[in-house]
Amino acid sequence: MKLLKFLLVGMIFGIVMAKSEAMSWYRIQEMFRFQAFHMYGIIGTAVTLGVLGVLLIKKYSIRDFDGNPILFPPKEKSVWRYLLGGIIFGLGWALSGSCPGPMVVNIGYGFYTLTIVFFFAIVGTYLYGIVKNKLPH
Amino acid sequence: MLELIKQPWPWWISGFLISAIMFLLLYFGKSFGFSSNLRTICAAAGGGKFVKFFDFNWRTQMWNLTFLLGAILGGFIASTMLSSGEPVQISEQTIKDLGELGFQPPTSLQPDELFSMKNAFTLKGFLILALGGLMVGFGSRYAGGCTSGHAISGMSDLQIPSLIAVIGFFAGGLLMTYLIFPLIFS
């Protein structure tokens with residue numbers, strides 16, 4: 001039952017991805033063509049509130065519901081893995097119109113062919129695991 | 001009220017709720033990062049026997065797989081109970097630009113040209129979906145996160161690596177949209 005809360009938060013996520021239309025290939029295209037504020041508004045609002053909230057958590061050392069401090073471990077310093085990995089991700093994001101979360105929301109919504117996209121995203125992750133040590137990080 | 005919820009939600013409500021999801025997960029002692037699930041699925045499927053990257057105790061990630069299951073349910077609830085059935089209201093200019101690439105104006109949230117059963121199982125259609133997914137999966141793990149882990153969680157903590165990743169996301173997206181789309185669609 002400990003997991004139930006994650007099921008509920010996931011459900012809210014799915015509903016928000018659908019009702020905000022962020023799961024739509026059309027919306028991603030509109031974003032990359034800079035032809036509407038919609039997606040920038042969504043991400044901008046989330047990040048602005050996120051920055052404020054994280055500052056408050058740090059300032060007041062707010063703890064999680066188990067009483068443990070909420071920590072923000074710094075991501076390892078590098079440029080290549082973020083830039084190259086980011087570019088490859090972006091190519092796929094624009095082509096399929098979907099990042100990993102919205103892929104499964106689409107499947108639930110009834111766009112079943114996104115199962116192909118999601119399956120190959122798993123394959124892509126597996127391929128990364130194989131060639132990981134040969135790539136610049 | 002239900003009629004209002006059935007309409008597409010404005011960007012500020014959606015943005016607020018996404019940040020609320022991030023904070024709820026932090027409050028539950030976790031962090032918002034969806035693409036980790038792809039690695040977890042590789043591990044759960046036994047990938048750790050062949051590739052060291054997938055050799056970890058994936059059961060510690062059950063919470064995130066449960067979140068994934070919830071996301072599928074959320075999509076189902078949105079389409080069956082909370083949908084007005086209206087097509088997505090993208091800008092006229094986008095409709096015009098996509099028209100030049102052979103896309104009809106939207107009739108739902110997704111283009112039939114890419115996602116209908118008929119088109120997804122042509123050779124070209126299948127390759128587009130497969131390659132799109134492959135790059136998302138490979139790129140997100142190489143970059144160490146996707147839109148949720150970098151653009152939302154990492155940027156909220158003002159982390160430079162996440163900013164670099166997001167710049168990469170956009171560089172790749174623009175490259176695909178402006179240079180590669182005209183070559184594959186017409």
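Predicted model: local features only at pLDDT ≥ 70, side-chain atom pairs only at ≥ 80, totals over all residues.
View 1. Residues are numbered from 1 along each chain as its sequence is written, and chains are lettered from A and ligands numbered from 1 in the order in which they are written. Helices here are DSSP runs (H or I) of at least four residues and strands are runs (E) of at least two, numbered from the N terminus. Just after helix 9 of chain B, the backbone at B:Leu158 takes a positive phi of about 50°.

**View 2. B:Ile152 is one of the residues with the most contacts inside the largest nonpolar core.** This core has 88 residues (a nonpolar core is a set of buried Ala, Val, Leu, Ile, Met, Phe, Trp, Tyr and Cys residues joined through C-beta atoms within 7 Å). Alongside B:Ile152, those with the most contacts inside the core are A:Phe89, A:Val117 and A:Ala121 from chain A, and B:Ile18, B:Ile21 and B:Met135 from chain B. If neighbours within four places in sequence are left aside, B:Ile152 is in contact with A:Ala46, A:Val47 and A:Gly50 in chain A, and with B:Ile18, B:Met22, B:Phe32 and B:Thr147 in chain B (contact means C-beta atoms, placed from the backbone, within 7 Å).

**View 3. Helix 5 of chain A crosses helix 4 (residues 62-81) of chain B at roughly 45°, with their axes coming within 7 Å.** The axes are lines fitted to C-alpha atoms, for helices over the stretch in contact, and angles run from 0 to 180 degrees between N-to-C directions. From helix 5 of chain A, the contact uses A:Gly101, A:Val104, A:Val105, A:Asn106, A:Ile107, A:Gly108 and A:Tyr109. From helix 4 of chain B, it uses B:Leu68, B:Ala71, B:Ile72, B:Leu73, B:Gly74, B:Gly75, B:Phe76, B:Ala78 and B:Ser79. Sorted by class, this contact of helix 5 of chain A with helix 4 of chain B has 10 nonpolar residues, 6 polar residues and no charged residues (Ala, Val, Leu, Ile, Met, Phe, Trp, Tyr, Cys and Pro count as nonpolar, Asp, Glu, Lys and Arg as charged, and the others, Gly among them, as polar).

**View 4. Within chain B, helix 3 (residues 36-44) and helix 4 cross at roughly 110°, and their axes come within 10 Å.** In this contact, B:Ser36, B:Asn37 and B:Thr40 of helix 3 of chain B meet B:Asn64, B:Leu65 and B:Leu68 of helix 4 of chain B. The residues of this contact of helix 3 with helix 4 divide into 2 nonpolar, 4 polar and no charged.

**View 5. A:Trp25 lies in helix 2 of chain A.** This tryptophan, A:Trp25, is buried, because 27 other C-beta atoms lie within 10 Å. Not counting residues up to four places away in sequence, A:Trp25 touches A:Gly97 and A:Ser98 in chain A, together with B:Gln110, B:Pro111 and B:Leu114 in chain B. A:Trp25 and A:Leu95 are 70 residues apart in sequence, while their C-alpha atoms are 8.5 Å apart in space.

**View 6. Where chain A and chain B meet, 99 residues of chain A are in contact with 107 residues of chain B.** On the side of chain A that touches chain B, at least two residues each come from helix 1 (4-19), helix 2 (25-32), helix 3 (38-59), helix 4 (80-96), helix 5 (100-109) and helix 6 (114-131) of chain A. That side of chain A has 60 nonpolar, 27 polar and 12 charged residues. Chain A contains 6 helices and 0 strands, and 56% of its 137 residues count as buried. Chain B contains 10 helices and 0 strands, and buried residues make up 46% of its 186 residues. Taken along the principal axes, the C-alpha atoms of chain A fill a box of roughly 45 × 40 × 40 Å, and those of chain B fill a box of roughly 45 × 45 × 35 Å.

Key: Buried ≥ 20, exposed ≤ 12 C-beta atoms within 10 Å, placed from the backbone. Contact = placed C-beta atoms within 7 Å.
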